Amino acid sequence: MGTLVTVPRPVRRVVSLVPSLTEALARSVSGLLVGATDWCTHPPDLDVVRVRGTKNPNLGTIRELRPDLVLANKEENRELDVRRLRDSGIAVWVTVIETVPQGLASLERIFTAALGRPVPEWLITARALWGAPPQDPVVDVAIPIWRDPWMVVGSSTFTGDLVRRAGLRNVFAGHPQRYPHIDVDRIDGSGADVVLLPDEPYLFTAEDGPEAFAHTPTELVNGRMLTWYGPSLIEAHQMLRDLRRIHSGSIDRGI
């Protein structure tokens, strides 16, 4: 974001305020993470101090952990919290990720420039998988992220770019807002071939979500595969490729 961040060497203690980055570090460098948010659910056995949520982190707890570096994200974290941590003399590295290439490049910078570490193997694999040109879109999708009120993925989002590169066309990609409020009847009548209902940030389930759509098929999906940038990108590549095949009719759905 154009801010000079002076990171001490070597970096031994990191607090992550971003679930994707928490998983990326925990998967790659043992013992480096000392704190993470309550929303940092991967890896499941992560044993670090919890510093509350992404929007309301406990700054006192973070300061007590004496991190060499705090990892944050422009979309997920508040500028006020970043500023207060920096005013305390703590280095805060803020990422901006709205596309898959941005995510891959940002992750590489974190490991090499911020942490002084080699690029992990999973990132090399993810870069190879997602480095190809986007596939031609053959399936139209709508992606709600909340209900009451209903909200969907709009323009200029990591999720939208991810599905586009996998050959899925987001029917609300042209909306001027990133996460617009859209009435459920309009989503249902959008012409989408399928409505993808992730389990985060809103927890859509078989009993909570599909019943709202009278005309469009729905599919429950792992939200981490749509919104996280990190090791999950490898799994997301396979999941989205399977979705593309299923809903384009190129494989037998057994129906």
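Visitor: Before we dig in, which pLDDT do local features need here?
Guide: Since this is a predicted model, side-chain atom pairs count only at pLDDT 80 or more, while totals for chains, interfaces and linings use all residues. Residues are numbered from 1 along each chain as its sequence is written, and side-chain values use heavy atoms, with hydrogens and water left out. For local features, the pLDDT has to be at least 70.

Visitor: Okay, in what order do the strands of the 5-strand open sheet sit?
Guide: Helices (H or I, at least four residues) and strands (E, at least two) are DSSP runs, numbered from the N terminus. Two strands pair if DSSP finds at least two bridges between them. The edge strands are S3 and S5 (92-95), each pairing on one side only. With parallel pairing, the order is S3-S2-S1-S4-S5.

Visitor: Which residue in S2 is the bridge partner of Val 15?
Guide: S1 (residues 14-16) and S2 (residues 33-36) run parallel and are joined by 3 bridges. One of the S2 partners is Leu 33, which goes with Val 14. For Val 15, it's Gly 35.

Visitor: What handedness does the β-α-β unit of S1, H1 and S2 have?
Guide: Point the strands away from you and follow the path from the first strand over the helix to the second: clockwise counts as right-handed. Here the helix is H1 (residues 19-28), and the unit is right-handed.

Visitor: At about what angle does H4 run to S5?
Guide: Axes are lines fitted to C-alpha atoms, for helices over the stretch in contact, and angles run from 0 to 180 degrees between N-to-C directions. H3 also packs on this sheet, touching S4 and S5, and its direction makes about 155 degrees with that of S5. H4 (residues 100-114) lies across S4 and S5, and its angle to S5 is about 160 degrees.

Visitor: Now the 4-strand open sheet: how much does it twist, on average, from one strand to the next?
Guide: Its order is S9-S6-S10-S11, paired in parallel, with S9 and S11 (218-221) at the edges. Inside, S6 (residues 139-142) and S10 (residues 194-198) pair over 2 bridges, and Val 141 has Val 194 as its partner in S10. The twist averages 40 degrees.

Visitor: H9 lies across S6, S9, S10 and S11, but are H5 and H9 roughly parallel or roughly antiparallel?
Guide: H5 (residues 121-130) and H9 (residues 232-247) pack at about 30 degrees, with axes 9 Å apart. Angles under 35 degrees count as roughly parallel, over 145 as roughly antiparallel, 65 to 115 as roughly perpendicular and the rest as oblique. So H5 and H9 are roughly parallel.

Visitor: Which residues of H9 does H5 meet?
Guide: Contact means heavy atoms within 4.5 Å. H5 brings Trp 122, Thr 125, Ala 126, Leu 129 and Trp 130. On the H9 side, the residues are Leu 233, Ile 234, Ala 236, His 237 and Leu 240.

Visitor: How far apart are the closest N and O atoms of Glu 75 and Arg 178?
Guide: A salt bridge is a side-chain nitrogen of Lys or Arg within 4 Å of a carboxyl oxygen of Asp or Glu, and the whole structure has 13. This pair links distant parts of the chain, 103 residues apart. The closest N and O atoms sit at 2.8 Å.
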